[in-house]
Amino acid sequence: MELIADILLVAGALGAGLYCFVLGRRLKRFNDLEKGVGGAVAVLSSQVDELNRTLAAARDASDSSGAALGELTGRAEAVANRLELMMASMHDVAPPPVAAPPEVVRQEPKQSLAEKAKPAPAGVMFMRHDRGNNGAAS
């Protein structure tokens with residue numbers, strides 16, 4: 001009986017040793033810097049550092065753009081105030097009298113279309129007009 005117990009104890013110890021050997025190999029592959037999780041962690045860490053640098057550069061650019069935009073807005077408001085002042089001062093000035101051009105004074109009044117139109121003959125519903133002949137029917 002003791003012999004069977006010793007054999008089972010040795011078999012259990014060999015099984016535990018084999019199990020530890022397999023787990024050790026798996027842990028080495030898991031922590032491998034090129035293929036395993038260790039490599040993925042290293043790549044992610046470098047990407048995080050790069051993103052932090054990019055974010056800092058973007059923040060600096062947006063701050064400088066905001067400052068420039070604020071300065072331009074201030075200048076635009078100053079120009080708008082000056083333009084409003086100029087417009088207000090223009091209301092006090094009377095516009096110069098405008099003389100009518102000589103062509104407008106010499107023109108004779110035109111006849112309206114109603115005066116030019118001839119009555120349609122009896123029984124004609126539509127009548128065609130030619131604009132080249134001053135409204136005369138063609």
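Student: What does the accessible surface of the chain come to, and what share of that surface belongs to carbon and sulfur atoms?

Tutor: This is a predicted model, in which local features need pLDDT of at least 70 and side-chain atom pairs count only at pLDDT 80 or more, while totals for chains, interfaces and linings use all residues. Residues are numbered from 1 along each chain as its sequence is written, and side-chain values use heavy atoms, with hydrogens and water left out. By the Shrake-Rupley method with a 1.4 Å probe, where for residues only the protein chains shown count as cover, the accessible surface comes to about 13000 Å², and the carbon and sulfur share is 64%.

Student: How many residues of helix 1 are buried?

Tutor: Helices are DSSP runs of H or I with at least four residues, numbered from the N terminus, and buried means under 20% relative accessible area, exposed over 50%, and partly exposed in between (1.4 Å probe, protein chains only). Of the 138 residues of the chain, 2% count as buried. Helix 1 is hardly covered, since among its 29 residues the buried count is 0.

Student: Is valine 37 buried, partly exposed or exposed?

Tutor: Valine 37 has its place in helix 2. Because its relative accessibility is 37%, valine 37 counts as partly exposed.

Student: With which residues is valine 37 in contact, leaving aside its neighbours within four places in sequence?

Tutor: Contact here means heavy atoms within 4.5 Å. With those neighbours left aside, the residues in contact with valine 37 are Phe30 and Asp32.

Technical notes. Helices (H or I, at least four residues) and strands (E, at least two) are DSSP runs, numbered from the N terminus.
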